[in-house]
Structure formats: structure tokens, C-alpha cells
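Subject: Structure handover

Hello,

Here is the structure I promised you. Please open it before you read on.

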Amino acid sequence: VEEPSNNPEILDAVHQRMNKSLSDLFYMLHLRPGIEVELGADLLCGSSENGVPGIRQMSQMPTFYQSKGWQRAPVTEEWLEDALAVRTGIAAMSADKTQFRRVVRGLVTLFKGLKETGQDRLHQFVRSLEALILPDIGSTKKQFAHRCQTFACAGNNTRAVLLEAFDMRSDTEHLNPWDRAVQNYRLDQREDVCWHRTRQIERLACDAYSQLLRRPDIREYYRTDAAIAAFWKLPDDQRRALWGKPLDIAQEPLVQKYDQWERAIE
């Protein structure tokens with residue numbers, strides 16, 4: 001990103017604004033799985049005078065990890081354009097710090113998950129979805145399985161996946177092994193199933209937040225906790241119609257063979 005500056009020798013507010021803009025874009029790119037930044041990424045800040053660039057500040061961007069069983073995906077023009085559209089939503093929410101507080105906290109939690117490894121990834125992904133569904137105290141598990149079917153294709157299989165994922169999140173929260181919720185699977189499949197659930201919930205959380213950031217009409221229902229509560233009081237069919245096309249988490253395949261980088265082997 002670039003623009004003219006009256007103070008090319010100083011890292012002023014213009015530099016800081018552009019720094020944040022590019023940093024936000026880097027984050028938004030990771031709302032889709034499969035981007036590979038093997039050696040990390042650096043953000044360079046400075047100025048160019050008479051065609052000669054001068055780097056005055058260099059910072060390393062955070063490392064984002066992939067869930068075991070991931071598949072590498074090329075960064076396309078459409079991917080970049082969508083990341084720009086999603087970044088616009090971030091700017092819109094940031095205009096008034098008194099609003100969208102729950103969404104912002106949920107988004108921070110989602111990115112924490114994307115920087116985690118192991119079972120803590122799933123824990124954060126589920127928590128980020130909890131931020132969006134505003135569950136009642138004492139009914140979190142039941143409402144998680146029900147309300148997340150606004151974001152995901154509704155059905156018995158989806159509900160079963162959501163319930164297992166929530167139990168895995170709770171076991172992680174209490175420092176228990178995360179495979180206690182999948183004991184009905186064969187012993188040699190349980191770890192693969194846990195990672196399958198992780199990828200499914202990761203995709204669901206990333207898709208839900210992308211929808212919110214991309215669409216101003218949906219964001220209106222998330223300005224305040226009161227607005228969110230009103231959204232979830234709507235009849236299921238009305239709320240799902242407002243949300244639009246849900247994600248089919250069944251499309252995420254179960255993986256049982258991996259290469260040395262933990263990518264899926266087809």
C-alpha cells in the first residue's frame with residue numbers, strides 16, 4: 001500500500017494507518033484454509049523518494065498454522081479481492097468502539113485459534129462461535145448445536161458434529177484429553193476424527209465471521225448484545241433466510257493419511 005506523504009522521513013500517522021491496513025489484510029487472508037507461509041512474513045514500512053526506496057521499519061507478522069489434514073490452496077485474485085472486502089468490514093466495525101464489542105472479541109479469539117497448534121485450536125474456534133450465538137447461561141451446549149445450524153447446513157449429522165466439537169472444547173477447557181467425546185470410534189481413528197472436527201469447526205467459524213464482515217445487512221444484527229439477542233429470538237426459518245447460504249461442513253473430508261507437513265494425502 002502506498003500514498004503521498006508530506007513527511008517521508010518520519011513514521012507518522014500515515015505510515016501507521018497504512019501499516020495497520022496491510023496487517024489487517026494479511027490477517028483476513030487466513031480466513032480461508034490452505035495459505036502456506038513457510039518462513040513467515042515481514043511487513044516493511046518506509047518511503048520512496050525519486051524512485052529510491054528506504055526501509056525505516058521492519059516487523060515480523062505472526063505465524064498462522066494449519067489444522068492437521070489441511071490441503072494447500074493457491075492464493076487467487078478472487079481470494080485477494082474477498083480479503084479486501086472482509087477488511088472493509090473490519091474498518092466499518094472499528095469506526096465506533098462502543099459497538100460490535102462481542103464480534104471483535106470473537107474475532108480476536110478466532111485468530112488466536114489460527115495461531116494455535118494441537119487441541120487448543122478447536123477450543124478457540126468453538127469459543128469464537130459462542131461469541132456469535134450469545135448462548136444463555138446453562139444452555140450453552142444445546143444452543144451451540146442448535147444456533148450454529150444457522151451458519152451450517154441444518155440436519156442430524158451437523159448437530160452430531162457440533163455436539164462432539166462442543167464436548168471436545170469442554171474437555172480441552174478442563175485440561176482433559178480431547179478424544180473423550182469420540183470414544184465410539186475405533187481407537188486408531190480417534191485422532192483423525194478429532195482433527196476432522198477441528199477442520200470442520202475452523203471452516204465454520206471462518207465462514208461465519210467472513211459473512212459478518214462482508215455483509216453490512218448482517219452486521220446490523222451484531223452491533224450490541226441486545227441486537228444479537230433479538231436476532232436469536234427470530235424464528236429459525238426467518239433467521240436462516242436472513243443469514244443466507246449456510247456452509248456444508250460435511251464437505252470437509254475425513255483424512256487418515258498425511259505427509260511430513262501434516263497435509264492430507266489423497
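Below is what turned up, starting with how to read the values.

This is a predicted model, in which local features need pLDDT of at least 70, side-chain atom pairs count only at pLDDT 80 or more, and totals for chains, interfaces and linings use all residues. Residues are numbered from 1 along each chain as its sequence is written, and side-chain values use heavy atoms, with hydrogens and water left out.

**Salt bridges**

A salt bridge is a side-chain nitrogen of Lys or Arg within 4 Å of a carboxyl oxygen of Asp or Glu. Side chains of opposite charge can pair when their charged atoms come close. How many salt bridges does a search of the whole structure find? It finds 19.

One is between Arg199 and Glu252, at 2.8 Å from N to O. This pair links distant parts of the chain: Arg199 sits in helix H7 (residues 190–214), Glu252 in the segment after H10, 53 residues apart. Helices (H or I, at least four residues) and strands (E, at least two) are DSSP runs, numbered from the N terminus.

Are these two residues buried or exposed? Buried means under 20% relative accessible area, exposed over 50%, and partly exposed in between (1.4 Å probe, protein chains only). Arg199 is buried because its relative accessibility is 4%. Glu252 is buried too, at 13%.

Arg72 and Glu36 form another salt bridge, with the closest N and O atoms 2.9 Å apart. Here Arg72 is exposed at 53%, and Glu36 is partly exposed at 33%. A network of salt bridges links Arg32, Glu78, Asp82 and Arg214.

**Helix H4**

H4 covers residues 120–133. Twelve of its 14 residues are buried, so the rest of the structure largely encloses this helix. Among them are Leu122, Phe125 and Leu129. Arg127 also belongs to H4, but counts as partly exposed at 36%.

**Surface patches**

Ile55 lies in strand E2 (residues 52–60) and is exposed at 55%.

Best wishes
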